[in-house]
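Hello,

Here is the structure I promised to pass on to you. Please open it first, and then read my notes below alongside it.

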Amino acid sequence: MKNWEINRRHLLRASATGMGNLMIGLPLLEAMLPSMERAYAAGSEAKPVRFAGIFMPNGHHMQNWNQTTVGTNSSHTLSPMIASLAPFKNQMSIFKGLDCIPGFAPPNPLPGDHGRTPVATWCGHVPYRTANPAQINAGGPSIDQRFAQAFGALTRKASIQMCTTNAAGDSDSYAPLYQKCSWANATTGMPKILDPRDVFDQLFGGMAVPTSGNGDSALAKIRRRKQSVLDFVMQDAKALKSKVGLTDKQRMDQYLEGIYEMEANLNKEITAPQCTVPSRPASGPTGSDGVYLRLDTHMKLFFDLAVLAMQCDASRIFMFMFDGEGSNRSLTRELGFPGEWHGTFSHHSVSIMDNGTYNTAGATPQQVTNLNRFGEINRFCYDQIAYFYRKLKETPEGSGTLFDNFIGLSVSGLADGNSHSHNNLPVIVAGGGGGTLNHKGGQCVNYPSSNPKDWNHKYEASPAPVRLTNLFVTLAQKIGQATLPTIKGSMPNHAAIRSATEALASMSSFGDSNGRLTALD
Amino acid sequence: MKYLGAVGLIILIAGTGCREFVNYINPEKKEISLRNKLKDHAFLRNSCSIDQNLTFNPIGRLNVRQLGNTLRAITGYTDNFTSEFPEDPIGGGFDNNLSALGMDALLLNKLALTGENVASRLARSKEQGGLMTCVPTPDQVSTCAASILHPFMEKAFRRPPASDEKARILQVVTASTSAGDTFAEGLTSAFEAILLSPHFIYRIELDPNPAVAETRNLDSYEIASRLSYMIWNGPPDTALMSDAASGNLQNEAALLQQFNRMIADPKAEQFVESFVSHWLEYHHYLDTLQPNSTIFPAWKNSVKDLFKTETKLFFQDLMNNNLPTRNLLDAPFTYVNNALASHYGLPAVDGSNFVKVNTAPSLRRGILGQGSFLLAANSDRTSPVKRGRLVQMALLCTKIPDPPPNVETDFPPPSPGSSMRETLAAHRQNPVCAGCHDLLDPPGLAFENFNAIGEYRTQDEGGNPIDASGQMPGGGAFTNAAELAPLLGPQEEFRRCFVEKLFTYSVNHVLNDAERCEVNQAADAMVGLDKDNIKGALERIILSTPFRKRKSEGTP
């Protein structure tokens with residue numbers, strides 16, 4: 001069996017710069033697993049815990065969302081909007097009353113909400129209001145990148161960000177570059193990947209057969225030659241870096257980080273059980289007619305790749321955007337009615353009242369129709385999320401399933417899309433978190449300190465907001481705790497990774513947070 | 001002058017946006033704002049102090065189009081290379097903004113894979129481009145490799161390689177062959193290294209003292225690259241490199257001579273396509289818009305390509321024949337083939353080739369009558385707001401901010417007895433909306449004779465007769481789109497804005513006030529020189545300080 005083990009490791013060895021052309025899909029045979037991994041597969045060791053942040057643009061039909069009642073031990077009733085999540089009810093916490101104050105851009109609410117919403121949501125900062133890319137400032141890393149920067153080095157790809165289009169609404173206040181859900185730092189957004197083939201290449205691209213020769217010597221040769229290419233360009237970039245000013249040094253750092261990632265992947269071994277390297281998706285982000293894929297088709301491709309990546313432990317941090325904030329995508333193919341997500345449906349023009357219901361009596365029939373269709377779009381999005389969670393729950397891992405070792409955070413950056421409100425955001429946390437998340441048997445929590453009447457664009461009225469970032473702090477602590485036992489002394493840089501992960505586990509603040517939530521303890 | 005006053009009013013409003021002009025929180029601020037706007041950029045003319053106030057250009061990568069063109073130019077291959085590359089980010093309206101063109105792992109991987117393929121082909125093929133000029137004996141590896149790699153480096157880096165770079169690339173080859181690889185394998189690694197080098201991927205202009213903010217003249221190779229990436233989206237050719245080597249490009253006459261040669265080259269269609277598609281924003285909305293097939297059953301996506309071809313040919317005609325800039329908006333002609341003539345309801349022409357036709361007596365004038373402009377619409381109906389926004393922002397450089405929350409931004413389709421015009425008028429009763437929509441709606445409604453896919457019509461979606469009349473805010477009255485065009489085209493404000501867009505495209509960054517001052521001077525100068533045309537504007541730009549000089553970043 002020894003040969004099998006060696007060959008299997010070779011197949012899984014990653015080289016981002018090489019061997020990118022031939023991809024294979026191999027079922028993993030138990031006999032092919034190195035003995036240490038067999039023990040791992042049998043469930044006697046801590047499992048990696050994965051994080052998925054799922055962003056929905058343009059807000060929600062808040063009256064429908066509000067139909068979910070408050071309760072624990074699954075005593076609550078789910079709104080029809082999220083009925084497809086019922087199978088996960090007992091491993092899920094629904095949050096009402098969480099606010100994203102940076103979304104309002106205090107101290108003075110400014111127009112351009114859609115333009116700043118993804119940054120405000122995931123970084124907990126007000127992005128600097130500019131259309132000039134030279135002046136961009138997102139305030140800091142996003143929460144997923146805090147995770148990635150701590151323990152992303154454990155996997156082939158530290159994190160990956162998927163979005164179905166580059167749509168950026170019609171914002172002229174905020175540069176289109178702000179339409180990203182993930183930021184490495186204040187000025188560098190993570191690449192937003194539209195093309196499922198790119199997602200595949202980033203996650204599995206190195207898992208390929210060398211095109212020439214067999215065995216260790218051929219692989220060693222490929223590595224040696226790639227290394228000489230990387231050495232040459234690294235020297236170029238470092239020399240440049242020593243000759244330029246601050247901004248350009250950062251530019252060269254962006255480049256060098258990409259080169260370092262290739263170098264690391266050249267020598268990284270992926271040692272995960274239950275891994276089947278999938279075949280490369282045939283589809284790009286658009287169909288043969290040049291039109292974007294159906295939203296459900298596109299998200300399904302993303303979710304499928306994420307599940308496979310989890311099985312291979314190719315990455316642990318996944319960000320999804322259903323679409324850019326302010327997107328005017330038409331969902332006619334998916335839902336049968338014409339019109340635009342943002343312009344027609346989120347701005348249905350039906351005003352929301354103090355009790356959280358819509359004033360349909362004061363609206364035209366067309367406006368009410370648009371409002372109802374907006375609710376249909378929300379429900380449709382949750383149906384796609386349910387597909388993802390179902391797949392995770394159907395995939396065994398150790399004695400449980402992937403869903404047990406998973407933290408899913410779905411959030412809408414706006415509550416009532418029509419009024420661009422950033423309080424009472426629709427938020428759901430799902431998955432077992434490797435045993436760190438206590439959903440109290442399935443719960444829906446409301447934070448009454450947030451002014452329940454404040455459904456409109458009046459953030460000042462919220463006397464004691466409970467901040468979305470407080471939930472982020474809690475999740476950082478949980479994923480930090482869950483990840484620590486998966487860091488082995490045999491791993492490269494394990495000491496640094498461990499210490500950064502310990503820092504996550506004891507995170508005390510993030511963005512505009514002012515505490516943590518206890519609901520998941 | 002009467003009109004200029006009116007245009008001035010628009011620009012006043014534009015300064016910090018009409019939101020503040022008619023503040024939605026405190027409408028009483030109107031008067032204060034109006035006074036505060038008196039120093040707006042449209043009035044900047046004298047003492048630009050441009051040398052001290054140049055915008056620092058960071059190191060930015062080539063955009064995807066430029067990467068593909070450069071790869072083809074230096075290898076002689078005709079492959080697409082970049083069809084699966086991610087879309088470039090937009091900054092300041094264009095896809096060549098150096099601040100926006102950063103790097104990420106996704107793109108770098110694509111560059112690495114592409115470079116790997118290209119390199120192995122280059123090293124294998126003995127016939128291609130004369131690159132493989134020798135087959136070395138073991139003691140001639142370096143000599144032979146140098147004769148192949150050093151000229152290739154010069155093309156790839158758009159400048160002569162430095163001596164240490166020359167030595168280091170040979171070491172890649174010799175280290176490889178010493179380890180037992182073939183000469184071709186050694187060359188492959190070297191080609192791969194050149195194609196992954198930041199000197200290939202980025203446009204690099206190094207300053208002697210980056211930490212001290214000082215302005216310097218660009219060297220001749222830097223000017224050559226600026227010029228060729230501006231006009232060709234590609235690297236300098238042999239003739240341009242030769243003028244760079246001799247230092248000729250520091251000479252205004254020689255620079256203009258190169259410009260005139262390059263703009264007449266077929267490769268200049270790169271400039272036309274990139275500039276116009278971003279200026280009029282159709283790179284975005286035309287590509288993503290999917291007209292509703294129930295309402296427009298005859299629509300075919302292939303018509304989008306006809307629109308693009310029409311606009312390109314139209315712009316090229318104006319540019320190559322030195323027609324006045326006003327013709328961009330008011331020309332009574334365009335280019336169509338049989339399919340497009342039929343789509344537009346113009347007299348039939350023969351065949352699928354495009355020919356120049358008169359558009360009068362129809363209402364189509366200049367780009368305002370072309371699908372690439374008119375498809376600023378919704379999928380199922382026209383959007384006077386989107387078209388009006390494009391007129392104000394793309395053609396007049398008026399800054400219109402986003403709509404405030406809690407207001408209606410989508411309007412129901414017109415129903416019998418209630419036209420879009422009436423819906424919009426009711427909406428403007430709200431002072432919150434009126435601030436911007438007083439600017440947007442009149443020019444937007446002028447195009448109501450063209451439906452959401454650019455066909456001519458006399459009735460709206462609800463069957464109401466079209467009334468396309470109106471008055472530009474503070475300006476002249478019109479009864480339809482053909483009458484609006486001559487109100488806008490000849491005005492200084494359109495010329496100034498057009499030059500500002502060209503400038504932004506050409507210098508690869510968002511302009512500051514000093515640079516807008518240069519824009520105004522260029523717009524004045526082209527009239528003074530009797531060169532109020534596209535090439536006249538481009539000539540002013542390439543001779544300008546922001547194009548021929550750069551400022552180091554300094555210490556922030």
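**Salt bridges within chain B**

B:Arg226 and B:Glu205 are joined through their side chains by a salt bridge, with N and O 2.9 Å apart (a salt bridge being a side-chain nitrogen of Lys or Arg within 4 Å of a carboxyl oxygen of Asp or Glu). This pair links distant parts of the chain, 21 residues apart: B:Arg226 sits in helix α11 (residues 220-231) of chain B, and B:Glu205 in the loop between β2 (202-203) and β3 (215-217) of chain B. Helices (H or I, at least four residues) and strands (E, at least two) are DSSP runs, numbered from the N terminus.

Before going further, a word on the source: this is a predicted model, in which local features need pLDDT of at least 70 and side-chain atom pairs count only at pLDDT 80 or more, while totals for chains, interfaces and linings use all residues. Residues are numbered from 1 along each chain as its sequence is written, chains are lettered from A and ligands numbered from 1 in the order in which they are written, and side-chain values use heavy atoms, with hydrogens and water left out.

Buried here means under 20% relative accessible area, exposed means over 50%, and partly exposed is in between (1.4 Å probe, protein chains only).

Another salt bridge joins the side chains of B:Asp380 and B:Arg381, at 3.1 Å from N to O. B:Asp380 counts as buried at 15% relative accessibility, and B:Arg381 is buried too, at 6%. Elsewhere, salt bridges that share partners tie B:Glu205, B:Asp207, B:Arg216, B:Glu222, B:Arg226 and B:Arg550 into one network. Over all chains, the structure holds 58 salt bridges.

**Where the chains meet**

A:Arg197 and B:Glu84 form a salt bridge, their closest N and O atoms 3.3 Å apart. A:Arg197 lies in helix α6 (residues 196-204) of chain A and B:Glu84 in the loop between α5 (64-75) and α6 of chain B, so this pair joins two chains. A:Arg197 is buried, at 15% relative accessible area, whereas B:Glu84 counts as partly exposed, at 30%.

How many residues of each chain are in contact with the other? The count is 72 residues of chain B and 71 of chain A, with contact meaning heavy atoms within 4.5 Å. Together the two chains bury about 6100 Å², 52% of it on carbon and sulfur atoms; buried area is the accessible area (1.4 Å probe) that two parts lose on being put together, summed over both.

There are eleven salt bridges between chain B and chain A. One of them pairs A:Glu340 with B:Lys386, with the closest N and O atoms 3.9 Å apart. On the side of chain B that touches chain A, α6 (105-124), α8 (163-178), α9 (183-196), α10 (198-201) and α20 (384-395) of chain B each supply at least two residues. The most come from α6(B), which gives nine.

**Inside chain A**

Chain A has 14 helices and ten strands, and 63% of its 521 residues count as buried. The largest nonpolar core has 109 residues, of which A:Leu85, A:Phe95, A:Phe320, A:Phe388, A:Tyr389 and A:Leu471 touch the most other members. Such a core is a set of buried Ala, Val, Leu, Ile, Met, Phe, Trp, Tyr and Cys residues joined through side-chain atoms within 4.5 Å. The largest share of this core, twelve residues, is from α12(A).

Leaving aside neighbours within four places in sequence, A:Leu471 is in contact with A:Phe95, A:Leu98, A:Leu409, A:Val427, A:Val429, A:Leu517 and A:Leu520. Apart from this core lies another, of 95 residues, including B:Phe271, B:Tyr282, B:Leu488 and B:Leu538.

**Backbone details to look at**

Most residues other than glycine have a negative phi, and most peptide bonds are trans. A:His420 has a positive phi, near 55°; this residue is found in the loop between β7 (406-412) and β8 (425-430) of chain A and is buried, at 4% relative accessible area. A:Ser349 also has a positive phi, of about 75°, and lies in the loop between α11 (341-346) and α12 (365-394) of chain A.

In chain B, a cis peptide bond joins B:Ala360 and B:Pro361, with omega about 10°. B:Pro361 is placed in the loop between β5 (355-358) and α19 (371-374) of chain B.

Best wishes
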